[in-house]
Amino acid sequence: MEKFMHWWASLEKGASVDWMYNIGLLLLLSSVLWGGWILLSRRLSTVAEKSQFIWDDALISAIRAPITLCIWVWPGLLSLGILVDNLTTYSSSSLSTIRHLLIIWTIVWTLFRLIANMEHTILENRPQRDATTVNAISKILRLIVMVFGGLIAMQNLGLSLSGLLTFGGVGGLVVGMAAKDLLANFFGGMMLYFDRPFKVGDWIRSPDRQIEGTVEKIGFRMTIIRTFDKRPLYVPNSVFSSVVVENASRMLNRRIKQSVGLRYCDSAVVGDVVRDIKTMLQNHPDIDTRQTLIVSFDTYGASSLNILVYTFTKTVEWIKYKDVQQDVMLKIVEIVHSHGADFAFPTTTLDMPAAASTASTALASIERVQQA
């Protein structure tokens with residue numbers, strides 16, 4: 001073991017007469033490690049599939065590709081450094097920094113894959129979780145990993161973190177003023193994630209703006225809404241902090257509100273029609289009788305006696321609601337006709353004797369004028 005450590009430490013000492021031997025050993029070592037890692041990862045995957053713990057699959061899937069990359073690229077960079085030191089007059093010191101950056105990138109990549117796998121596992125195995133919240137948390141975790149990875153990479157490149165943070169404090173004010181709309185959209189997106197007025201898949205509309213459709217994606221800068229004519233609508237997140245948003249997907253019931261107009265000659269059966277319509281609604285399997293249910297003689301119209309029908313369906317699904325509404329309205333038609341009544345339509349009554357007298361008076365006036 002001591003001999004191996006001495007050989008490993010000698011790889012970065014510059015030119016050597018054994019440089020071809022060292023490169024060959026590095027390639028052989030990479031091949032052995034790669035073969036061992038394939039066998040180990042397959043064994044771990046088999047064990048994880050039999051385990052009841054759901055997170056081990058996400059971890060093994062996350063580390064498999066990054067470790068494979070590191071097994072080959074790290075010795076490859078080390079071999080390239082040996083070639084540069086022995087075949088050229090240049091120094092391979094910069095490759096040492098690249099190897100350190102490779103380790104940082106491997107860790108960042110592994111964490112990115114782990115976060116994505118955990119997000120997928122949560123949404124697949126725990127469907128009761130809010131997909132919008134899970135997506136928001138995963139995006140925040142990726143941002144944190146990216147920031148810390150970037151800071152560590154800058155430190156390895158020789159940049160002073162204290163000076164960078166000082167510059168960031170001063171420059172942040174300038175950037176904030178220059179990109180205030182971008183920041184407003186970012187914080188607007190954060191408020192959407194925290195307040196959750198809607199989530200992906202909800203049908204929303206805004207009476208203040210021409211916004212209506214199904215939410216497809218909530219990003220840090222904008223929200224994508226698919227309108228009912230299948231066009232995408234890109235809305236900046238800052239808009240939602242100043243407009244009223246109606247979330248139709250969270251309604252508990254859908255309302256049926258109709259005015260049934262009977263003829264004035266059917267006034268004797270209006271009470272019976274009202275009673276039968278109300279009984280029909282109370283016994284209808286798709287009407288929610290726990291909600292407000294009103295059937296009453298409402299107003300005297302210009303040519304009809306109007307009955308108000310006001311009730312709520314159990315379903316909130318649009319297509320099924322329309323089927324229920326149609327069934328209710330057809331049953332109302334049957335009830336009206338069963339009582340010998342019919343629906344009113346706009347009519348005008350003309351009094352013929354009065355009209356004839358008026359016409360004769362007008363003609364007599366015209367004749368007197370002509371004689372004069």
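1. V200 sits in the loop that links α7 (180-195) to β1. Helices here are DSSP runs of H or I with at least four residues, strands are runs of E with at least two, and both are numbered from the N terminus. The model is a predicted one: local features need pLDDT of at least 70, side-chain atom pairs count only at pLDDT 80 or more, and totals for chains, interfaces and linings use all residues. Residue numbers start from 1 along each chain as its sequence is written, and side-chain values use heavy atoms, with hydrogens and water left out.

2. The cut-offs are under 20% relative accessible area for buried and over 50% for exposed, with partly exposed in between (1.4 Å probe, protein chains only).

3. I225 lies 25 residues from V200 along the chain. Their C-alpha atoms are separated by 9.2 Å.

4. Strand β1 covers residues 203-206 and pairs with β5 in the antiparallel sense, over 2 bridges. Pairing requires that DSSP finds at least two bridges between two strands. R205 has E246, in β5, as its bridge partner.

5. The open sheet holds 5 strands in the order β4-β3-β2-β1-β5, with antiparallel pairing. Its edge strands, β4 (232-236) and β5 (246-247), each pair on one side only.

6. Now the whole chain. It has 10 helices and 8 strands. Of its 372 residues, 31% count as buried. Among contacts (heavy atoms within 4.5 Å) with a separation of 6 or more, 64% are between residues 24 or more positions apart.
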